[in-house]
Amino acid sequence: MITSIIKGIKDLLLGKEVFIDDPRIGLLSERVLSKDPDKHYSWVSEHRLPDQNEKTTFIVDGNFEGPFPAQLTVIYRILDELKGIKEKVDKELRKNASIPETLTTWPAEFYLSSLIPLDSETLEFELIFEAEDPEDMTYVSATWLNGKISEVELMA
C-alpha cells in the first residue's frame, strides 16, 4: 500500500515512467510529465552490445512519444561502424598524444560505455570508452558528427 502511494506521488511530481523497447539499444525509460510535443525528454537505457562484456548507457533525445527517430538512426549507424570508429579514435590518439605503454592495446580492452547526444539538431554525439577493468579509471572520449571523429581525449 505504501509503495503504491509513493509511486503515485512520484508519478504526480516527476511524471509517469514510460518504457520503450528498442531492438538495438534495449529498454529505454523516461518519466513523462506532459504530453506537450515541444517538451524535451531524455530517454535512457543500459544495454550490453554484442562483443562487449559490459553494458553501454544510451541517452537519446526525444519527446513524450519516445526518442527522436533521427537520433536512433545515427545511433544505429555508430553501432554498425563501431569497430572502424575505434580504429579512427586510436589513430587520432596516436597522432595527437603520447599513449602510455600500458594503453597501447586500449581498443581491445575498452568498451563503449556511453553514447550521449551533444546536439539534437546536428546529431552530434559524444562516445566514451572505458576500461573493462573496474579498477582502471582511464577512459577515452571522442565526438562523432556525420561520420567524422573529433575532440579525441585520453584521460588516464
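Asp51 is exposed, with a relative accessible area of 82%; exposed denotes over 50% relative accessible area, buried under 20%, and partly exposed the range in between, with a 1.4 Å probe and protein chains only. This is a predicted model, in which local features need pLDDT of at least 70 and side-chain atom pairs count only at pLDDT 80 or more, while totals for chains, interfaces and linings use all residues. Residues are numbered from 1 along each chain as its sequence is written, and side-chain values use heavy atoms, with hydrogens and water left out.

Asp51 belongs to the loop between S3 and S4; here helices (H or I, at least four residues) and strands (E, at least two) are DSSP runs numbered from the N terminus. Most residues other than glycine have a negative phi. Asp51, although not a glycine, has a positive phi of about 70 degrees. The hairpin formed by S3 and S4 has six residues between the two strands, with Asp51 in the turn. Strand S3 (residues 41-48) and strand S4 (residues 55-63) run antiparallel and are joined by eight bridges; two strands pair if DSSP finds at least two bridges between them. Within this pairing, Trp43 has Val60 in S4 as its bridge partner.

## Overall architecture

The protein contains four helices and nine strands. Their order from the N terminus on is α-β-β-β-β-β-α-α-α-β-β-β-β. Of the 156 residues in the protein, 38% are buried.

## Helix H2

Helix H2 comprises twelve residues (residues 69-80), which at 1.5 Å a residue should span 16 Å, and its end C-alpha atoms are 16 Å apart, which agrees. The expected span is taken as 1.5 Å times one less than the number of residues in the helix.

The buried residues of H2 are Gln71, Leu72, Val74, Ile75, Ile78 and Leu79. They cover an arc of only 160 degrees around the axis, which puts them on the same side of H2; the arc is that of the directions from the helix axis to the C-beta atoms. Pro69, Thr73 and Asp80 are exposed on the other side of H2.

## The largest pocket

Rolling a probe the size of a water molecule over the atoms shows where empty space is left. The largest pocket holds about 310 Å³ of space. On a 1 Å grid over the protein atoms alone, a pocket is an open set of points where a 1.4 Å probe fits, with protein on both sides within 12 Å along at least five of seven lines; lining residues have an atom within 4 Å of a point. Grid points are joined across faces, edges and corners, and the volume is the space filled by probe spheres set on the points.

Sixteen residues line the largest pocket, and those nearest its centre are Leu49, Pro50, Asp51, Gln52 and Leu82. Two or more lining residues come from each of H2, helix H3 (82-96), helix H4 (106-109) and strand S6 (110-119). H3 supplies the largest share of the lining, three residues. By class, the lining of the largest pocket has eight nonpolar, two polar and six charged residues. Ala, Val, Leu, Ile, Met, Phe, Trp, Tyr, Cys and Pro count as nonpolar, Asp, Glu, Lys and Arg as charged, and the others, Gly among them, as polar.

## The H3–H4 region

Thr105 is placed in the loop between H3 and H4, and at 40% relative accessibility Thr105 counts as partly exposed. Thr105 and Asp90 lie 15 residues apart in sequence, with their C-alpha atoms 9.3 Å apart in space.

Pro107 lies in helix H4 and, at 25% relative accessibility, counts as partly exposed. The C-alpha atoms of Pro107 and Val89 are separated by 8.9 Å, the two residues being 18 residues apart along the chain.

S6 and S7 run antiparallel and are joined by eight bridges. They form a hairpin with four residues between them, and Leu123 in the turn has a positive phi of about 65 degrees. Strand S7 (residues 124-131) is mostly covered, with six of its eight residues buried. S7 is also joined to strand S8 (residues 139-145) by six bridges, and these two strands run antiparallel. Glu130 in S7 stands opposite Tyr111 and also opposite Tyr139 in S8.

Glu151 is located in strand S9 (residues 148-155). Although not a glycine, Glu151 has a positive phi of about 50 degrees. Glu151 is exposed, with a relative accessible area of 56%.
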